Amino acid sequence: MASSSLVLKENLRKAYDSIALKYSEWTRPSYRTRVEYLHKLFTYLLPLPHEKSILELGCGSGYPCTALLASNSSLNVTANDISPVQLALAAQHLSSANVVLLEGDMMDLSFENHSFDAVIAMYSLIHLPREEQVALLTRIYKWLKPGALFLGNFGAGHGDKGSFDKHWLDGGGGVMFWSGWGEARTCEIMTAIGFELILRDIVVDTEEERGERREVPFLWLLGRKGDN
């Protein structure tokens, strides 16, 4: 299982490296949704009187979310991505002193308990096998401070045990991968870990690939850790 996960992640890295610039353009239609939910997070986060530590999982090229986070001097941002090419783009875009870029598989990250005021994962946890999603969400809960927040999105619908695409966005090399538990089971997992779900929305993205348009539903969750 460990070796198969390593192969999956290496293929994922290669896939994103090969489409980094194209992906940055392809995601532009989702910018509005990403920023909208980031501002929903801000309504809970920014009124806190102290400097805040934020972890972003899957920052990509840094637009639009990492850049928006970096524009607020009260936020100290740690931004992670598996693709060194994506992070190189982010380094070009982000010159702020309050951002640290970390390359690597998010499953390999390690932080002390109670390290962050918020963890953000937009369109990123969906690239983990389903069992790893549960494991990482459990770690995230521990990394969050009491009362801190998690914002992320997941596949909606009835769940996906795992889908592969060698040619997504006409990439050369690597294999793209997605999986998900579906709306109901994802919410059950979150609450079982200990999160209070303060926001639960379904947002349908319109995606275009190879001249075809399709509608893809995503589950957006804002969860809060308990006060202990």
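Colleague: By class, which residues make up the lining of the largest cavity?

Modeller: The lining has 15 nonpolar, 12 polar and five charged residues. Ala, Val, Leu, Ile, Met, Phe, Trp, Tyr, Cys and Pro count as nonpolar, Asp, Glu, Lys and Arg as charged, and the others, Gly among them, as polar. A caution first: this is a predicted model, where local features need pLDDT of at least 70, side-chain atom pairs count only at pLDDT 80 or more, and totals for chains, interfaces and linings use all residues. Residues are numbered from 1 along each chain as its sequence is written, and side-chain values use heavy atoms, with hydrogens and water left out.

Colleague: What volume does the largest cavity have?

Modeller: About 360 Å³. A cavity is a set of points, on a 1 Å grid over the protein atoms alone, where a 1.4 Å probe fits but cannot get out; lining residues have an atom within 4 Å of a point. The volume is the space filled by probe spheres set on the points, which are joined across faces, edges and corners.

Colleague: Switching topic. Where is Asn153?

Modeller: Asn153 sits in strand 5, residues 144-155.

Colleague: Buried or exposed?

Modeller: Asn153 counts as buried because its relative accessibility is 1%. Buried means under 20% relative accessible area, exposed over 50%, partly exposed in between, with a 1.4 Å probe and protein chains only.

Colleague: What does Asn153 touch?

Modeller: Leaving out residues up to four places away in sequence, its contacts (heavy atoms within 4.5 Å) include Ala121, Tyr123, Phe218 and Trp220. A polar atom of the Asn153 side chain lies 2.5 Å from the backbone nitrogen of Tyr123.

Colleague: Last one. How many disulfides?

Modeller: Zero, counting pairs of cysteine sulfur atoms within 2.5 Å. The closest cysteine sulfur to that of Cys65 is in Cys59, 10 Å away, so the gap is too far for a bond. Cys65 is buried, at 4% relative accessible area.

Conventions
Helix = DSSP H or I, 4+ residues; strand = E, 2+ residues; numbered from the N terminus. Polar contact = N/O pair within 3.5 Å; in protein donor to acceptor, adjacent residues only side chain to side chain. 1 Å grid on protein atoms, 1.4 Å probe; cavity = no way out; pocket = protein on both sides within 12 Å on 5 of 7 lines; lining within 4 Å.
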